[in-house]
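Hello,

Here is the structure for your files. My notes on it follow below.

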Amino acid sequence: LEFRGNELFAPLDALLLWTFQIALAVEAWREREGASLARWTDALGELEALLSLAGYAYERPDDPFPDLVEDEGVFEGETVGHPLIGAAKLVRNDVRLNAEQRLIIVSGSNMSGKSTYLRAIGVNAALAFAGGPVCARSLRLTVWQVGTSIQTTDSLQDGVSRFYAELLRLRQIFDLAAGAYPVLFLLDEILHGTNSHDRLIGAEATVRSLASRGASGFVTTHDLALTRIAEDANLHAVNLHFADDITDGKMTFDYQARPGVARQSNALALMRLAGLEV
């Protein structure tokens with residue numbers, strides 16, 4: 001026989017006002033305990049974060065805990081990598097940011113590893129400040145406020161273009177630089193939503209303005225003219241680059257950061273490899 005639960009329950013519900021009684025009980029609980037709900041969810045969120053960090057430390061026992069130092073403006077890591085890249089593909093790089101090197105300009109061809117380099121720095125900073133281990137052989141760093149402009153997007157709902165969204169993000173980084181802690185900025189090919197002339201002027205002005213506020217950080221760029229900013233001794237800037245190699249029509253990358261400025265571009269080669277007639 002087909003079970004007709006709703007039809008059997010309806011008379012009992014009407015007799016005992018069961019649904020109404022449940023609603024009253026829920027409302028009474030809300031009035032009694034509702035004010036504590038925010039504290040409960042905060043506690044659960046913190047517990048989940050701690051469990052995640054503990055799980056990471058257990059699964060990767062070779063990853064050390066960082067050293068938080070009082071030296072101003074330090075981020076010095078040996079063989080820093082991105083923890084979300086599998087060990088078989090992970091390529092690590094040293095990172096040196098200190099009083100002698102306050103600004104790192106990173107140039108290089110497409111897909112060579114510039115953005116991943118910035119992400120690895122940012123993720124490891126977040127892990128360090130959360131109390132977790134880091135994906136590096138060792139890491140010494142100041143307590144930074146991290147400000148990033150990486151992969152900003154437009155918003156149809158807010159009527160904001162990608163370029164303007166990036167300007168708003170940069171404004172937030174400037175506001176951070178006015179705070180009590182030093183700012184570590186990670187800027188990935190900023191302002192490329194405008195023409196090359198304005199982009200170069202705007203990017204250089206942004207970097208100089210952040211440096212004047214005591215901030216330090218990394219900037220990736222395809223505009224090699226921006227790399228000349230390292231000639232200003234007052235900025236304590238250095239150039240790094242990532243390279244590629246094309247052999248027999250196949251492009252390869254080693255994802256290693258090297259001193260100096262990139263001297264080649266692979267945009268046209270990538271277009272041809274993708275089948276475009278250029």
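**Lys-114 and its partner**

Lys-114 is buried, at a relative accessible area of 4%; buried means under 20% relative accessible area, exposed over 50%, and partly exposed in between, with a 1.4 Å probe and protein chains only. The side chain of Lys-114 forms a salt bridge with that of Glu-189, at 3.9 Å from N to O. By salt bridge I mean a side-chain nitrogen of Lys or Arg within 4 Å of a carboxyl oxygen of Asp or Glu. The pair links distant parts of the chain, 75 residues apart: Lys-114 is in helix H4 (residues 114-129), and Glu-189 is in the loop between strand E7 (183-188) and helix H6 (196-212). Helices (H or I, at least four residues) and strands (E, at least two) are DSSP runs, numbered from the N terminus.

Before the rest, a note on the source. This is a predicted model, in which local features need pLDDT of at least 70 and side-chain atom pairs count only at pLDDT 80 or more, while totals for chains, interfaces and linings use all residues. Residues are numbered from 1 along each chain as its sequence is written, and side-chain values use heavy atoms, with hydrogens and water left out.

**Other salt bridges**

Side chains of opposite charge can pair when their charged atoms come close. How many salt bridges does a search of the whole structure find? The count is 13.

- Arg-199 pairs with Asp-223, with 2.7 Å between the closest N and O atoms. Arg-199 lies in helix H6 and Asp-223 in the loop between strand E8 (216-221) and strand E9 (237-242), so this pair ties together parts that are 24 residues apart in sequence. Both Arg-199 and Asp-223 are buried.
- Arg-60 and Asp-63 meet through their side chains at 3.2 Å, N to O. Both Arg-60 and Asp-63 are buried.
- Asp-71, Glu-76 and Arg-140 are joined in a network of salt bridges.

**Backbone angles**

Most residues other than glycine have a negative phi. Glu-189, in the loop between E7 and H6, has a positive phi near 50°. Tyr-255 is not a glycine either, and its phi is positive at about 60°. Tyr-255 is found in the loop between strand E11 (250-253) and strand E12 (258-259). At 35% relative accessibility, Tyr-255 counts as partly exposed.

**Leu-210**

Is Leu-210 buried or exposed? Leu-210 is buried, with a relative accessible area of 1%, and its place is in helix H6. Leaving aside residues up to four places away in sequence, Leu-210 touches Ile-173, Phe-174, Phe-185, Leu-187 and Ala-215; contact means heavy atoms within 4.5 Å.

**The protein as a whole**

The secondary structure comes to 7 helices and 12 strands. The radius of gyration is 26 Å, well over the 19 Å that the globule rule gives for 278 residues, so the protein is more spread out than a compact globule. That radius is taken over C-alpha atoms, and the globule rule is 2.2 Å times the number of residues to the power 0.38. The C-alpha trace spans about 85 × 55 × 40 Å along its principal axes. Of the 278 residues, 36% count as buried. Among contacts with a separation of 6 or more, 67% come from residues 24 or more positions apart.

Regards
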